[in-house]
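I opened my notebook to look up a few features of this structure.

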Amino acid sequence: DGAVEQISILDIDFDAYFNSQILKARKVSLDGMRLDVFRDKRLPRREGIIKPMPQELMKNAPLDMMVDSVTASNAFIRYQEFAPRAMIPGSIRFEDLNFSLAPFALSKGDNKYPLEKMYLNADSKLMDEGLLELNSTMFFEAPYPMDMQVSIGKFDLRSVNSMVSNGVFVEIVSGKVKAGKWDFRINENESWGKINLNYKDLKIQLLDTVSMLPGNGKLGLLTF
């Protein structure tokens with residue numbers, strides 16, 4: 001589900017639209033966007049289904065569009081997921097989200113795509129805690145690589161218990177992230193990169209997969 005409180009389009013090229021059916025503008029601004037994403041991993045995967053990269057979808061869109069930049073402010077995204085053995089879904093929230101895509105283009109499959117690459121820059125609060133920043137370069141030739149740099153500031157790891165408890169049956173008892181950074185490349189076939197996560201006082205409790213209560217014996221308290 002999704003909704004946007006306000007959409008503004010700046011400097012529309014009406015001649016391009018009426019003559020060539022191409023929507024051209026200097027800027028598209030989205031304010032107050034809310035998006036709920038849900039995934040159920042309990043369902044069996046359908047064989048032969050290959051999900052395309054975002055760049056491929058943009059090259060095979062239902063309309064032609066060329067905009068210098070697309071921006072969003074005050075956005076909110078919630079991702080909910082049922083793990084394969086979960087009884088209830090876990091969730092994670094991205095609040096106070098702002099992002100920009102520049103330049104931005106959509107093209108019908110039979111038309112030549114006008115861009116070689118696009119830049120994505122975003123910042124958000126993770127679970128109303130740590131500041132998350134993302135910078136990405138997206139390329140539009142197969143295998144559609146994306147270079148990603150992600151950084152996160154200080155936050156309490158217990159804030160993500162909804163996702164890890166219901167997803168991997170682990171409860172974070174204590175722990176704080178001091179700083180983190182991910183650098184990786186992803187394409188339609190593979191992904192690789194490196195991560196540097198600085199944390200302190202991490203203690204986790206393994207949970208029983210049925211009762212969701214703290215486990216005993218081998219499911220005891222672990223400290224890192």
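I began with Val4, which sits in the loop between strand 1 (2–3) and strand 2 (6–10). I noted that the model is predicted. Is Val4 buried, exposed or partly exposed? Val4 has 34% relative accessibility, so Val4 counts as partly exposed. I then found that Val4, Ile7 and Ile9 make a nonpolar surface patch of about 250 Å².

Next I looked up the core. The largest nonpolar core has 45 residues, and Phe99 is among the members that touch the most others. Strand 5 (residues 64–82) gives the largest share of this core, 6 residues. I listed contacts of Phe99 beyond four places in sequence, and they include Met33, Val70 and Leu120.

Then I turned to salt bridges. How many does the structure hold? I read 9 salt bridges. Arg42 and Asp40 meet through their side chains at 2.7 Å, N to O. Glu81 pairs with Lys41, with the closest N and O atoms 3.7 Å apart. Glu81 is in strand 5 and Lys41 is in the loop between strand 4 (34–40) and helix 2 (54–59), so this pair ties together parts 40 residues apart in sequence. I checked burial too: Glu81 is buried at 13% relative accessible area, whereas Lys41 is partly exposed at 36%.

My last entry is on Lys176 and Asp156, whose side chains form a salt bridge of 3.6 Å, N to O. Lys176 lies in strand 12 (residues 170–186) and Asp156 in strand 11 (residues 155–156), 20 residues apart. I also saw that salt bridges with shared partners join Asp156, Arg158 and Lys176 into one network.

Key: Residues numbered from 1 in each chain as written. Predicted model: local features only at pLDDT ≥ 70, side-chain atom pairs only at ≥ 80, totals over all residues. Heavy atoms only, no water. Core = buried A, V, L, I, M, F, W, Y, C linked by side-chain atoms within 4.5 Å. Buried < 20%, exposed > 50% of the residue type's maximum accessible area, 1.4 Å probe, protein only. Helix = DSSP H or I, 4+ residues; strand = E, 2+ residues; numbered from the N terminus. Contact = heavy atoms within 4.5 Å. Patch = residues over 30% accessible without salt bridge, like charges linked within 9 Å, V, L, I, M, F, W, Y side chains within 5 Å. Areas by Shrake-Rupley, 256 points an atom, 1.4 Å probe, with all protein chains shown as cover. Salt bridge = Lys/Arg side-chain N within 4 Å of Asp/Glu carboxyl O.
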